[in-house]
Amino acid sequence: MTDEDYKTVGFKSGLEIHQQLLTEKKLFCRCPAGKYNHKFDAEILRHMRPTLSELGVYDGTALMEFKTKKDIIYHINRETVCTYEMDDTPPFEINEQALDIALEIGMLYNCSLIDEIHIARKQYLDGSIPTGFQRTSITSVDGVVPYKDRKIDIIQLSIEEDSCREVSDIGHRRVYIADRLGMPLIETVTAPDMKTPVEVAEVGKILSNIVKSTGKVRTGAGAAREDVNVSVTGGTRIEIKGVPSLKRIPLLTYNEAMRQWNLLRLREELKKRNITTETFSTHTVEITRLLRKTKYQPICTALAEEKVICAVILRGFKGLLNWQTQTETYFSKEISDRVRVIACLSNLPNIIHSDSTSDTISIAEWQKVKKAIGAKENDTVLIVWGSESDVDTAAKEIVIRAREATIGVPSETRQAQKDGTTGFERILPGADRMYPDTDLPPKRITKERIERIKASLPDYYWEREKWYKDLKVPEDLIEPLAISKLAGLFKTAVTEWNIDPKLAAKVLIQFPKRLKKMKVEFVNIDEEVMSALLRAYKQCLISKEGILAALYDAVKYGVFDLDNLPPPIDEKDIPHVIQYSYAELNRSQLLHDDNVEKVLCGMVMNKVRGRVDGTFVSKAVSKFIKELR
Amino acid sequence: MADDLYKGYKGIALDTLKKFDALVWSDVVIQTDKAQYKGIILPRSENADHFHIVLKLISGYNIGVFAETVKDIKILGRKEAHYKIPEKAFPYDPVKPRVKLFGTGGTIASRLDYRTGAVIPAFSPGELYGSVPELADICNLETEKLYGVFSENMAPEQWIGTAQAIGKEIEKGVQGIVIGHGTDTMHHTAAALSFMVQNSPVPIVMVGSQRSSDRPSSDAALNLMHSVKTAAESDIAEVMVCMFGPTSDTYGLLHRGTRVRKMHSSYRSTFRTIGDIPIAMVSRDKITPLRQDYKRRRNDNNVIVNTAFEEKVSIVYYYPNMKPDIIDSLIDNGYRGIVIAGTGLGHVNKPLYPALKRAKEKNIAVYMTVQTLWGYVQMYVYDTGRDMMELGVVPTANMLPEVAYIKLCWALGQTENLDEVKKIMLTPINGEITEREPSNGYLIYQGGIPEVEEFISKHRK
């Protein structure tokens with residue numbers, strides 16, 4: 001599709017970016033942040049119930065989750081989880097370090113900061129947070145970031161606690177691990193200002209780079225997660241949840257736009273067939289006995305487990321379950337997804353239907369079922385099986401989703417699939433799930449605090465990039481350096497210590513990568529170590545060649561210690577080393593005389609590596625050989 | 001009244017709202033010198049400062065806007081919150097037992113209070129049904145709100161009133177009684193009801209919640225189901241506390257009203273039977289007795305209600321270097337009874353002796369309990385103990401300090417004769433003193449020990 005095509009369908013997209021903050025501790029308790037471990041030493045079981053919002057309304061998502069009747073199991077590890085995350089202790093005061101970072105990022109987005117922050121509870125009945133809600137607070141609103149020749153609006157930025165990681169979700173049992181729970185993160189919400197899938201990814205990249213350039217956010221797998229909102233003209237805002245990488249955004253948003261477009265066309269088709277919300281007709285019949293001799297394996301198994309089978313008729317829907325929605329995905333998948341998520345019938349296939357051309361129950365059996373439910377030529381029949389209560393929920397969901405086809409695109413949050421399509425996750429929650437947190441008082445953001453943060457606001461990464469270009473920093477290092485937490489150190493090294501910008505950039509960005517390739521185990525290169533290294537170089541305590549070796553040692557031993565390093569050699573001493581090495585060389589026999597210079601140089605370098613500039617050695621050896629000849 | 005239109009606002013925030021006629025619940029656009037906010041003006045908590053106006057944004061988030069910076073407030077309309085659970089008539093099933101639910105307050109029945117920003121007890125028990133319809137599967141529930149107070153505000157007036165209400169209900173022939181109560185002093189009330197309502201033919205079950213019912217993970221719903229099931233179906237005709245066994249949503253425990261204590265400030269499984277084991281476990285499916293020596297359900301209505309009560313009683317928690325003036329001040333203020341929570345087996349220091357002697361001379365009843373909570377008072381082991389008994393201090397075996405306090409109030413309410421009081425105090429009514437402590441009556445497993453950790457890893461917390 002071209003940009004023009006996206007304009008035609010009215011593609012609109014906005015982003016919600018969740019970014020973990022780099023703090024030592026969690027947001028509302030003093031557990032360590034960023035320690036992940038799948039090991040657990042205790043288990044907790046909870047059930048969630050919907051509660052009223054502050055304005056006295058139940059949230060639709062909450063009611064949906066309640067229908068699923070899930071046992072929620074939490075795996076907890078005493079190193080990373082305390083009684084706060086278990087919801088057995090009230091919150092402690094907000095982590096001030098995290099709040100500072102959130103305010104700083106708000107300033108970088110040119111937002112208005114909130115004068116007094118109020119902690120809210122945002123309900124999540126999926127169990128991803130044991131309390132059933134996430135503590136969250138808006139810290140700033142109404143920002144802008146530059147993009148191409150225009151501006152993207154930032155609607156709001158909030159600080160909130162991270163949720164659990166899901167381990168499994170099978171039938172009525174969902175398991176979470178709680179290590180990540182409670183870590184501070186910020187959520188940035190943009191306006192739906194992006195007009196094509198590529199723009200969404202590009203804006204995501206800009207926002208990500210801005211936050212990274214503070215050096216105060218976590219990086220690596222899972223540290224930033226995107227939710228993407230997509231709609232087309234006549235469609236509905238759909239939230240695609242948990243997109244793990246910006247690269248996957250274009251395909252996902254393309255597929256979602258296509259899905260909405262196709263659902264709107266499906267509505268038109270239904271209209272043509274005279275099926276509207278009012279005329280939509282359906283009913284459900286139990287058919288367990290009718291299929292007791294079937295050879296269709298999934299139903300055989302269900303019957304062996306004494307499950308119940310139901311048929312649902314959709315009047316006038318013939319062929320429409322094969323209506324394409326996404327790439328190689330059809331309307332039947334929309335229904336199957338609902339049955340899986342809400343009725344917890346998670347073994348697939350969980351439905352079969354009379355539009356299907358693949359082998360299911362026999363033709364004779366279909367005829368029996370159709371007769372029992374009173375199906376005519378133009379109708380479609382679906383069959384679903386499971387425990388009595390699950391099938392009851394399933395049949396109701398099938399009807400709900402089929403009826404929604406007459407309206408268009410139902411409000412949903414959808415999951416990003418690996419193949420670039422999306423699948424139903426839950427009904428889109430609204431403002432009704434917000435409730436003020438009565439456990440914590442409002443907190444005033446003082447002028448002094450704002451001034452203090454403003455004073456050390458980092459430069460924008462695009463300004464850094466421009467400066468690096470002027471400094472002739474190697475092209476491939478410009479962007480990584482501009483968003484690195486070492487960018488501040490680079491500035492000091494270049495402007496105050498007069499270190500060559502190319503060298504400083506190499507040391508700060510390339511060397512850590514080289515160490516990683518050398519498989520040196522390290523978590524994070526400490527800014528202090530880097531700073532000590534560059535200062536040691538500046539004071540001629542180590543040579544240019546010695547920096548990498550020194551860094552290697554620092555990472556390996558955990559400290560940077562000048563005493564561990566060989567002292568630099570005075571350049572005057574090099575001729576002696578060359579003489580000595582040449583004597584060694586003469587004792588062995590070389591096959592090719594032409595290699596003398598190379599071999600000699602290598603021998604000398606072996607003795608002085610890291611203690612003197614390599615180019616000086618090679619020149620000195622050249623000179624020595626020339627003089628020899 | 002006029003200020004009620006600006007609920008909770010004071011000072012400059014109130015002045016600003018008045019200037020623009022922006023009442024609470026107005027749907028507004030507020031223009032400050034740096035930003036524009038659209039939302040609904042919410043009431044302000046009375047404890048909060050008077051510099052900010054609280055606004056609920058369209059996203060559902062609340063923020064505080066610094067009143068000083070407000071340039072204009074445009075009023076678009078009004079949207080008042082009606083925080084009310086749909087109240088539904090409880091379905092009647094002639095086959096099911098009749099259970100009465102009394103409401104006294106506490107977080108089992110609570111909602112947001114704009115005045116303080118905290119939660120207040122406010123759901124009528126009828127509304128409780130609206131949020132926990134599962135109760136209708138168990139019984140025909142009738143509800144009555146007796147009080148709406150926080151647990152810490154429960155006092156003799158409420159204890160007496162509740163006991164009388166229970167008595168009346170039993171005489172009318174109810175099959176079981178549930179009392180919704182704040183958790184902080186639930187064990188005080190449980191003790192009071194154990195003494196005031198005797199020989200009950202039906203279960204009397206106290207219940208509360210550690211997480212208020214406005215939270216999705218609240219223990220309120222499950223506790224209610226457990227307690228109503230116990231009241232309707234169990235054959236245990238005693239005053240009990242029904243609260244979570246573990247922190248997980250799995251089962252509740254039925255604790256004897258005289259042996260139970262709140263042991264953690266916030267955990268769900270905070271209530272524990274001290275010095276003994278609970279009467280039973282209760283889940284949504286079944287009630288599993290853990291012992292057989294409980295009073296059984298009967299078909300008569302012969303309940304005895306005795307609400308005698310003397311308020312001039314105090315608990316003194318002894319600490320090293322306590323001075324006699326603490327005891328003296330109670331004597332001088334006309335107290336008639338003192339319960340001491342002594343160290344170890346029941347001790348206080350020698351400097352207190354003259355004050356104890358004075359108490360004896362003034363005909364003040366002094367009883368000794370242990371601050372270790374577990375174990376018996378034993379005043380023969382050391383001289384100190386014997387000296388104190390000489391001074392008229394009466395050991396109360398393994399009665400819990402709070403229980404001894406309530407019982408002494410009740411005993412002194414009945415008679416001024418200290419020998420009579422002593423007889424009442426030392427004759428157990430329902431397990432407040434036990435003859436023996438079973439070895440599993442004291443189990444505080446120590447975390448970190450390998451076998452304990454192994455146990456924890458195998459059973460849900």
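Trainee: Is the crossing of H11(A) and H12(A) left-handed or right-handed?

Mentor: This is a predicted model, in which local features need pLDDT of at least 70 and side-chain atom pairs count only at pLDDT 80 or more, while totals for chains, interfaces and linings use all residues. Residues are numbered from 1 along each chain as its sequence is written, and chains are lettered from A, with ligands numbered from 1, in the order in which they are written. Helices (DSSP runs of H or I, at least four residues) and strands (runs of E, at least two) are numbered from the N terminus. If the near helix is turned from the far one by less than a right angle, anticlockwise is left-handed and clockwise right-handed, and the crossing of H11(A) and H12(A) is right-handed.

Trainee: How is H11(A) oriented relative to H12(A), roughly parallel or roughly antiparallel?

Mentor: Helix H11 (residues 461-470) and helix H12 (residues 475-482) of chain A pack with their axes, lines fitted to C-alpha atoms over the stretch in contact, 9 Å apart and at an angle of about 150°. On a scale from 0 to 180 degrees between N-to-C directions, under 35 counts as roughly parallel, over 145 as roughly antiparallel, 65 to 115 as roughly perpendicular and the rest as oblique, so H11(A) and H12(A) are roughly antiparallel.

Trainee: How many charged residues are there in the contact of H11(A) with H12(A)?

Mentor: Residues are in contact if their C-beta atoms, placed from the backbone, lie within 7 Å, and here Tyr461(A), Arg464(A), Glu465(A), Tyr468(A) and Lys469(A) in H11(A) meet Ile478(A), Glu479(A), Leu481(A) and Ala482(A) in H12(A). With Ala, Val, Leu, Ile, Met, Phe, Trp, Tyr, Cys and Pro taken as nonpolar, Asp, Glu, Lys and Arg as charged, and the others, Gly among them, as polar, the contact has five nonpolar residues, no polar ones and, as for charged residues, four.

Trainee: Which residue in the turn between E9(A) and E10(A) has a positive phi?

Mentor: Strand E9 (residues 165-170) and strand E10 (residues 173-177) of chain A pair (DSSP finds at least two bridges) in the antiparallel sense over five bridges, and Arg165(A) stands opposite Ile177(A). The two strands form a hairpin with two residues between them, and the residue with a positive phi, about 55°, is Gly171(A).

Trainee: Which element gives the largest share of the side of chain A that touches chain B?

Mentor: In this interface, 45 residues of chain A are in contact with 41 residues of chain B. Elements giving two or more residues to the chain A side are strands E2 (42-46), E6 (120-123), E7 (133-147) and E22 (434-436) of chain A. The largest share, five residues, comes from E2(A).

Methods:
Contact = placed C-beta atoms within 7 Å.
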